[in-house]
Amino acid sequence: MTVRFGVLGAGRIGQVHARAVASVPGARLVAVADPVAEAARRVADAWGCDIRSIEEIEKSGDVDAVIICTPTDTHADLIERFVRAGKAVFCEKPVDLSLSRVRDCLKVVADTKATLMVGFQRRFDPDFRALKAAIDEGTVGQVEMVTLTSRDPGPPPLDYIKRSGGIFRDMTIHDFDVARWLLGEEVETVQAAASVLTDPEIGKAGDYDSVNVILATASGRQCTITNTRRATYGYDQRIEVHGSKGSVAAENHHQSRVIVANGTGYTRPPLLDFFMTRYVAAYAAEIAAFVEAVEQGTPTPTTGEDGLRALALADAALKSVAEGRVVKVSEVLGG
Ligand SMILES: NC(=O)c1ccc[n+]([C@@H]2O[C@H](COP(=O)([O-])OP(=O)(O)OC[C@H]3O[C@@H](n4cnc5c(N)ncnc54)[C@H](O)[C@@H]3O)[C@@H](O)[C@H]2O)c1
């Protein structure tokens, strides 16, 4: 069986997913939709698919699944529309900026019994998967402390930031998901600090650009996350997990593995420049996992519930910054 795809939104991540679909056996890109004609044309020309409107894709008998790559504030409405139209849905993070809206949306998904996968591609990165496998095999014993470093080379456009829900819901949300995945226990408390250090315009837009977060689980396992929207040396993505028997780490990806040594020291090429290059294999693997779930009718490896939980951690971090205290996740999640 071939899963036939429509991509909704042909911006930064839409182009990435169109390429991922083209690279996955059992997946075929049929159509792309974007109100910006030039954006849709770029994807259609690159991958040889139709340009259709959202309404046309909704009614298309030759589209089995859609990938939602539109701005965040359109996701929940589009998920509901497309699951009601009988399509399997892969949606980029976050599902929405409001927990109650996410809950309502997930109820519609459950009622239609549709397939929904939320895009947390880091879980599919080959290095991070190997790190997780090492943990699961007991190599480092009991997980005690997780350290996540995620630094973007530069900020997205201000218009994007204004619609993004802020750094915790837009950027740290990936780290929140990775933290849940690696800690192996749900997070109970969140403590965060946030500043504007790289560009005052980000502050004027109501957001932060530099944040640190400490998460703790009921048994006391901890995770430290450090994020900034500016790193002069490229896209800095590292994980270290310290356990009772040792530690396991995933290092950065450089443009090549060549290291030159001479009398002045050691030099190596810069880091890969951003998510579009660093996570190519991860994006392809997550689409392959989605295709497998659609074909087999099995649960997706990342779910709407994962989207909800990561958003709750983002909301708790925001509350922690606003109130200057440690916040229990139950305060934002209820229960
Ligand atoms: N998983 C990741 O690594 C990752 C990376 C970047 C962005 N994202 C997420 O993907 C989403 C899009 O981000 P982006 O950086 O690609 O944004 P972007 O601004 O580059 O692209 C969004 C595109 O959607 C189009 N669009 C707007 N409304 C539309 C509609 N109703 N129907 C169809 N197209 C529409 C815009 O014209 C634009 O081309 C965001 O929710 C973001 O959080 C995820």
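User: What is the bridge partner of Thr-147 in E11?

Analyst: In this predicted model, Thr-147 has Glu-240 of strand E11 as its bridge partner. Residues are numbered from 1 along each chain as its sequence is written. Local features need a pLDDT of at least 70 and side-chain atom pairs count only at 80 or more, while totals for chains, interfaces and linings use all residues, and side-chain values use heavy atoms, with hydrogens and water left out.

User: How do you know that E7 and E11 are paired strands?

Analyst: Two strands pair if DSSP finds at least two bridges between them. Eight bridges join E7 (residues 143-151) to E11 (residues 236-243), so the pair meets that requirement. The two strands run antiparallel.

User: In which sense does E7 run with E10, and how many bridges join them?

Analyst: Strand E7 runs parallel to strand E10 (residues 222-228), and seven bridges join the two. Within this pairing, Arg-151 stands opposite Thr-228 of E10.

User: What makes E3 and E6 the edge strands of the six-stranded sheet?

Analyst: The open sheet has parallel pairing and the order E3-E2-E1-E4-E5-E6. Strand E3 (50-51) and strand E6 (116-119) each have a single partner strand, so one side of each lacks a neighbour in the sheet. Further inside that order, E4 (residues 65-68) pairs with E5 (residues 88-92) in the parallel sense over four bridges, and Ala-65 has Ala-88 as its bridge partner in E5.

User: Why is Gly-86 called exposed?

Analyst: The word exposed is used for a relative accessible area over 50%, buried for one under 20%, and partly exposed for values in between (1.4 Å probe, protein chains only). Gly-86 has 61% and is therefore exposed. This residue lies in the loop between helix H4 (75-84) and strand E5. Its C-alpha atom is 8.0 Å from that of Asp-64, although the two residues are 22 apart in sequence.

User: Is Lys-132 buried or exposed, and how do you know?

Analyst: Lys-132 has a relative accessible area of 18%, and therefore it counts as buried. The residue belongs to helix H6 (residues 126-136). Apart from neighbours within four places in sequence, Lys-132 is in contact (heavy atoms within 4.5 Å) with Trp-181 and Leu-182. By contrast, a gap of 27 Å separates the C-alpha atoms of Lys-132 and Pro-269, which are 137 residues apart along the chain.

User: Why are H1 and H2 called roughly parallel?

Analyst: Helix H1 (residues 12-23) packs against helix H2 (residues 37-47) at an angle of about 20°, and their axes are 10 Å apart. Angles under 35 degrees count as roughly parallel, over 145 as roughly antiparallel, 65 to 115 as roughly perpendicular and the rest as oblique, so H1 and H2 are roughly parallel. The residues of H1 that meet H2 are Gln-15, Ala-18, Arg-19 and Ala-22, and those of H2 are Arg-42, Val-43 and Trp-47.

User: What makes H5 roughly antiparallel to H13?

Analyst: Helix H5 (residues 99-112) and helix H13 (residues 304-323) pack at about 175°, with axes 10 Å apart. Because of that angle, H5 is roughly antiparallel to H13. Leu-99, Val-102, Arg-103 and Leu-106 make the contact from H5, and the residues from H13 include Gly-304, Glu-305 and Leu-308.

Note on methods: Axes are lines fitted to C-alpha atoms, for helices over the stretch in contact, and angles run from 0 to 180 degrees between N-to-C directions.
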